[in-house]
Amino acid sequence: HNFGSPAGLPARPGRNQQTEMLHFSRSSSARSVCACTKVAPRAQVCVSSRSVSTVKSPNGLIHLPGCGCALCAGGRSLKGKPVSERELSTAAQPSASNRGVVYMAPGVVEVKPIDFPKLELDSTSSPVASERQKRKCEHGAILKVVTTNICGSDQHMVRGRTSLPGGYMVLGHEITGEIVEVGRDVEFMKEGDLCSVPFNIACGRCPACKRGDTGVCLFVNPARAGAAFGYVDMGGWVGGQAEYVMVPYADFNLLKFPDKDRAMEKIADLTLLSDIFPTGFHGAKQAGVEPGSIVYVAGAGPVGLACAASCHLLGAACVIVGDAIPTRLAQARSFGCETIDITSDGDLAHKIHAITGSPDVDCAIDCVGFEARGSGASGGEKPAQVLNDCMGIIREGGQIGIPGLYVTEDPGASTEAAQLGSLNMTFGLAWSKSASMHTGQCPVMKYHRPLMNAIMHDKVRIAEAVNAKIISLDDAPLGYQNFDQGESVKYVMDPHGVTGKVQALG
């Protein structure tokens, strides 16, 4: 901006030259539209010229000879190339389209064409009324997705165990990507940065975020505290199991990998920073795991395995993992865990005693959540089973971490009470032991930087622990199917084939 008229440019009639505001374009940076939102642009000039050209844009802006904007260069839009047509620093060139994994019906997901992301959110057409909102996101960034993972939390929706209707939601909250565009309010992130995206969206400005409780940000979800990408009732933010995605509050949320080439070498590990590694670590920290601890981890899915690896990282003396699926128990044993088959007859405390010589543990961690099943060969679904197990085996004064997901409504539950989120817990037992219980979303930003350092310095091989397998976006439906059947694999999708590690699913 400048006040007054520069030499050669006449002042507009009837205006005070001292208050006349002119807007300049910088042809060297190809910025051809003024970003000022308070005063409408009236004249755009080339900084190297002093005479007015006859070239005018449709919105009345005046251009001087030599202007480098797209209109003067060839009659195209003043905004230049769409981001989807620009050259990116990664090998794969993008198309003008975008595709994403969409939940269609219980047990059914499809890869479908979706809108290319904009620096805005408009979920006002959502069939879920509580997540409808509309806002500009000039503080955001558009990412070309490098990797995006299938999560057990996604499976809750795909199984039809939430209020999500089919045909609308683009799934995916575990995202790693390369920035291809930033909003005008972004100061520190830039195009080409390779970043991990925390699954929980946080503004960085509200009281919760300032406390570090980024999992319950107050300003990103009209329904309640906390938001996430691609999840029902979590703000309507578009999911990241796609080729491109928009991330709001980019400066605050994104974790940039300092060395892009080294990061790509370890991408199978680093992709787990968006959720399951911090979530598993958070569960271990909630439960008070420290050097010498005896720990029980319920569930050998990806979060449970990540939690078990985190317990080792924290110095636990013995980590016992319980599950019903033999291949998952074998995966836990592959990196030094003791295991318990919960389908076998016998009391859990007795099984722990057979391993450690004591029926209780210092720390217990629920990595299963509300779709828990009873123990024994005929155990059916019992939503509070794992919570009650943990209360039964925890020592006096012990701690229970609960990173497993519990919901306020479960339409597919077997009882009316469970459908409303009401569980049959033996809470008095925990109270009598002075045990403490810790719940809620993991605040990913509390942990993702130190866990990144642990990966980069070879202190943990988290991809090996969870058996990560990179597949194409097109194989997402089969990946969901295999995962739902209990396969001990953490599926990671590479939408653009940039990792060089994609394995086909037969």
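**Salt bridges and a nonpolar surface patch**

In the predicted model, R159, R161, E371, E381, D410 and D484 are linked in a network of salt bridges, a salt bridge being a side-chain nitrogen of Lys or Arg within 4 Å of a carboxyl oxygen of Asp or Glu. Because the model is predicted, local features need pLDDT of at least 70 and side-chain atom pairs count only at pLDDT 80 or more, whereas totals for chains, interfaces and linings use all residues. Residues are numbered from 1 along each chain as its sequence is written, and side-chain values use heavy atoms, with hydrogens and water left out.

A search of the whole structure finds 18 salt bridges. E371 lies in the loop between β15 (361-366) and α11 (385-393), while R159 lies in the loop between α2 (152-158) and β8 (174-182), so the pair ties together parts that are 212 residues apart in sequence; helices (H or I, at least four residues) and strands (E, at least two) are DSSP runs, numbered from the N terminus. E371 counts as buried, at 15% relative accessibility, whereas R159, at 34%, counts as partly exposed, where buried means under 20% relative accessible area, exposed over 50%, and partly exposed in between (1.4 Å probe, protein chains only).

R159 also meets the side chain of D484 in a salt bridge, at 2.5 Å from N to O. This pair links distant parts of the chain, with R159 in the loop between α2 and β8 and D484 in helix α16 (residues 476-484), 325 residues apart. D484 has a relative accessibility of 38% and therefore counts as partly exposed.

A further salt bridge is formed by R184 with D185, the closest N and O atoms being 4.0 Å apart. R184 counts as partly exposed at 43% relative accessibility, and D185 likewise counts as partly exposed, at 44%.

On the surface, M425, F427 and W431 form a nonpolar patch that has about 370 Å² of accessible area together. Patches are made of residues with over 30% relative accessible area and no salt bridge, like charges being joined within 9 Å and nonpolar side chains (Val, Leu, Ile, Met, Phe, Trp, Tyr) within 5 Å; accessible areas come from the Shrake-Rupley method with a 1.4 Å probe, and for residues only the protein chains shown count as cover. W431 is found in helix α13 (residues 427-432) and counts as exposed, at 66% relative accessibility.
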